[in-house]
Amino acid sequence: MPATASTARQASGTALRFGRVAVMGALAALILFAGVWGSWGTAQHVMLAKGRESGTVRVTRCAGDTCTGPFTPSSAGARARAHVELDSSVAVRAGSVYEVVLKPGTGEAVRSGPAGILLAWLPLGGALLLASVVVAGGMRLTRPAWVLGLAGAGLLTAAFVAVR
């Protein structure tokens with residue numbers, strides 16, 4: 001009988017470990033998916049800019065969550081506009097000129113170039129950092145957690161350096 005109790009205890013411990021790893025793996029995957037989803041809304045306009053209107057915006061005014069200014073086209077088929085909106089962030093200042101891509105059918109501009117790509121993927125950088133904690137603590141996989149964490153920190157640092 002003692003061998004059966006010991007075997008049952010080992011089996012339940014194995015099942016609990018498997019369950020913990022499965023749940024934490026699913027949580028880490030969900031966090032990463034949310035980071036990609038949050039980034040892709042902006043990143044698609046920056047990374048797939050072929051055929052979109054591109055040019056520059058001189059920011060004249062910032063109020064609330066948006067900055068505005070005139071759009072000067074640099075791509076074929078783009079037209080000048082007296083007023084386009086750019087999301088206000090720490091990376092946008094009144095009086096500065098930024099390379100942008102316009103979202104199709106709107107007056108919304110998204111920063112383009114290397115800084116725009118890095119800024120678009122910021123939500124993924126945060127998700128990588130958060131997922132690294134889940135992978136390290138919940139799954140006890142320290143090396144993959146370090147890779148995720150360093151990738152997230154690298155992305156956030158590169159974005160910070162690119163906009164300065």
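The points below concern a predicted model.

1. Two aromatic pairs are present in the structure. In one of them, the ring centres of phenylalanine 33 and tryptophan 37 are 5.9 Å apart and the planes meet at 40°, so this pair is tilted. Both residues belong to helix H1 (residues 2-47), where a spacing of four residues puts about one helical turn between them.

2. Phenylalanine 33 is exposed, at 51% relative accessible area. Tryptophan 37 is exposed as well, at 64%.

3. Tryptophan 40 and tryptophan 121 also form a tilted pair, with ring centres 6.2 Å apart and planes at 45°. Tryptophan 40 sits in helix H1, while tryptophan 121 is in the loop between helix H2 (113-120) and helix H3 (122-138), so the pair ties together parts 81 residues apart in sequence.

4. How accessible is tryptophan 40, and how accessible is tryptophan 121? Tryptophan 40 has a relative accessibility of 35% and counts as partly exposed. Tryptophan 121, at 16%, counts as buried because the cut-off for that class is under 20%.

5. Arginine 52 lies in the loop between H1 and strand E1 (54-58). This arginine is buried but has no salt bridge. Its nearest side chain of opposite charge is that of glutamate 53, 9.8 Å away.

6. What does the side chain of arginine 52 join through a polar contact? The partner is the side chain of histidine 45, at 3.1 Å. With neighbours within four places in sequence left aside, the contacts of arginine 52 are Gln44, His45, Ser75, Val101, Leu102 and Pro104.

Conventions
Residues are numbered from 1 along each chain as its sequence is written. This is a predicted model: local features need pLDDT of at least 70, side-chain atom pairs count only at pLDDT 80 or more; totals for chains, interfaces and linings use all residues. Side-chain values use heavy atoms; hydrogens and water are left out. Rings of Phe, Tyr and Trp (its six-membered ring) pair if their centres lie within 6.5 Å; planes under 30 degrees apart count as stacked, over 60 as edge-to-face and the rest as tilted. Helices (H or I, at least four residues) and strands (E, at least two) are DSSP runs, numbered from the N terminus. Buried means under 20% relative accessible area, exposed over 50%, partly exposed in between (1.4 Å probe, protein chains only). Lys and Arg count as positive and Asp and Glu as negative; His and the chain ends are not counted. A salt bridge is a side-chain nitrogen of Lys or Arg within 4 Å of a carboxyl oxygen of Asp or Glu. A polar contact is a pair of N or O atoms within 3.5 Å; within protein, one must be able to donate a hydrogen and the other to accept it, and residues adjacent in sequence count only if both atoms are side-chain atoms. Contact means heavy atoms within 4.5 Å.
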